[in-house]
Amino acid sequence: MWSLRLVSVRPALAHRTDTDKWMDPHQAAVYVAARPVADGVLRSWYDLDPDKPATPLVDPDLDRRYWAHSGSELPSVYEWNLEFLRKVLCANDPAGYPYLADQFRRLRDVFVFEPADRMPYPTYRYLRNTHYPSGLVTNSFGWRGPEVPLNKPAGRIRIAFVGASTTVDAHRDPFSYPEYVGRWLREWANSRHPGISLDVINAGREGLLSNSIAAIVRQELLPLRPDLVVYYEGANQFWPNDFVRRPIVRMLRLASPTSLDGYSAIARRVQTLLERRESGAEPYKPTISVAWPADLDEGDPKVDDPRLPVQLPRILSDVDRMHQAIAGAGGTLMLSSFVWLAAPGLTLDSRRDALIYRELNERYWPFSYAHMRRFVDFENRVFQKYARQHHLPFNDLAAVYPADPRLFVDSIHMTPAGVKLKAWLVFQNLVPVLRHLLDVGAIPVPDPGGRRAHPSLAGQGRRLVSVDQIARSCRPLD
């Protein structure tokens, strides 16, 4: 299933507003001062920012396409997996994607790539060596951030970050959280391990599900021999509808009150939202009865239980594939707990936090903050237990990240100050893991080298194809 999160985050990723109401990144240092630091780390490093690379001019063709399709809910400037497009557009697909098919046809033509394994994942890639109108700048692998060599030099530790929009971060922000982490890790390495060097890769892309993230790990990252892969995602497959006595259909958007004539219940709901929004308090919501299975331990769940909620069996299946593939190449997977701003009693500023309020109370209506928190915490406990059972390091970011609305754009995406603070807290969790892996000789992972081209990218330049042409070429899918 394609994630709807891609639709909703595009404005936040590209064009944020009211930034003067957010906390300044330097103001977030109050949280840095309040938290312990890892051994060998200086708090003063928080003031260090990554080097800002020279930015190429925006590609004029992409600029034209970007603005010509600005009303579309699917980016016209990304490179889409041809097998995924066939899956969406071909009528013989039993799953069916009528909504997406209509959106793609409105684009007329799209950039495409042919996956080496002929599978529909990852669903899309960023174009390589590109400056997007959104502000995103990609390197020769199509990843956000500085260039990295194809063959890893001796003594080089390579850390890759995977996930979705909360990993790639807002395109117009000066830096993503992995870029900050890389800056501080190099400072730590220079002072504590001067014989090693570091590469940091940000392979995140907005809107992805776990199946696409697993494909990125396998197809794009493993050929570059990463030593550590940090997985951070927990929202795009999250819909806390499991065990609810009356299942609730996920809504894309809420209609305007003026268009709700004849729908008095919905109109009253909208009116309540508007009234309660002024106070910042959570609006009244109907009670949702959850019939949690008595033999599914909420505090200590079995990670192989097929009844796990919020698509966790599917996610863990993909995590399993990542873990096995990374371990097979000598690397280590690090799972993370996922940060949500949702808790009983949460009070928001009606102006500054309007987007947070709308997301929690419109997108996730009628789930209460307490209901959301219950399922968020359960998801994070499952991630943590999976890591413990498989002897993997765990980045427990949610346990230490402050629930300060000034650090958030919406319930999961963070302001520039929030992104930098997130990076600092992840950095504290990474340092002891890297120190341990160095002590036991598990890193750097040797790289045999000798590669002249990336196996999944070689020979693939920009290819623009008519959507109708793709639809006409439909063939039966395996």
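Which residue in S5 does Arg156 stand opposite? The first legend gives the partner, after a note on the model.

The structure is a predicted model in which local features need pLDDT of at least 70 and side-chain atom pairs count only at pLDDT 80 or more, whereas totals for chains, interfaces and linings use all residues. Residues are numbered from 1 along each chain as its sequence is written, and side-chain values use heavy atoms, with hydrogens and water left out.

View A. An open sheet of 5 strands has the order S5-S4-S6-S7-S8, with parallel pairing. Strands (E, at least two residues) and helices (H or I, at least four) are DSSP runs numbered from the N terminus, and two strands pair if DSSP finds at least two bridges between them. Strand S5 (197-202) and strand S8 (394-395) are at the edges with a single partner strand each, so one side of each has no neighbour in the sheet. S4 and S5 are joined in the parallel sense by 6 bridges. Within this pairing, Arg156 stands opposite Ser197 in S5. Helix H7 packs on the sheet and touches S4, S5 and S6, its direction making about 175° with that of S5. Contact here means heavy atoms within 4.5 Å; axes are lines fitted to C-alpha atoms, for helices over the stretch in contact, and angles run from 0 to 180 degrees between N-to-C directions.

**View B. The crossing of helices H7 and H13.** The axes of H7 (residues 177-192) and H13 (residues 416-439) come within 9 Å and cross at roughly 45°. The two helices are therefore oblique to each other; angles under 35 degrees count as roughly parallel, over 145 as roughly antiparallel, 65 to 115 as roughly perpendicular and the rest as oblique. The crossing of H7 and H13 is right-handed, a term for the near helix being turned clockwise from the far one by less than a right angle. Residues of H7 in the contact include Tyr177, Trp184 and Trp188, and those of H13 include Lys420, Trp424, Phe427 and Arg435. By class, the contact of H7 with H13 has 15 nonpolar, no polar and 3 charged residues. Nonpolar covers Ala, Val, Leu, Ile, Met, Phe, Trp, Tyr, Cys and Pro; charged covers Asp, Glu, Lys and Arg; polar covers the others, Gly among them.

View C. Four strands, in the order S3-S1-S2-S9, form an open sheet with mixed pairing. Its edge strands, S3 (124-125) and S9 (464-466), each pair on one side only. S1 (residues 79-81) and S3 run antiparallel and are joined by 2 bridges; the bridge partner of Glu79 in S3 is Arg125. Helix H3 (residues 60-68) lies across S2 (109-113) and S9, at about 125° to S2. Helix H4 (residues 82-89) lies across S1 and S2, at about 65° to S1.

**View D. Backbone features in loops.** A cis peptide bond with omega of about 0° joins Tyr121 and Pro122, and Pro122 lies in the loop between S2 and S3. The bond from Ile443 to Pro444 is also cis, with omega near 0°; Pro444 is in the loop between H13 and S9. Asn129, although not a glycine, has a positive phi of about 50°. Asn129 is exposed, with a relative accessible area of 54%. Arg225, likewise not a glycine, has a positive phi of about 55° and is partly exposed at 26%. Buried means under 20% relative accessible area, exposed over 50% and partly exposed in between, for a 1.4 Å probe and protein chains only.
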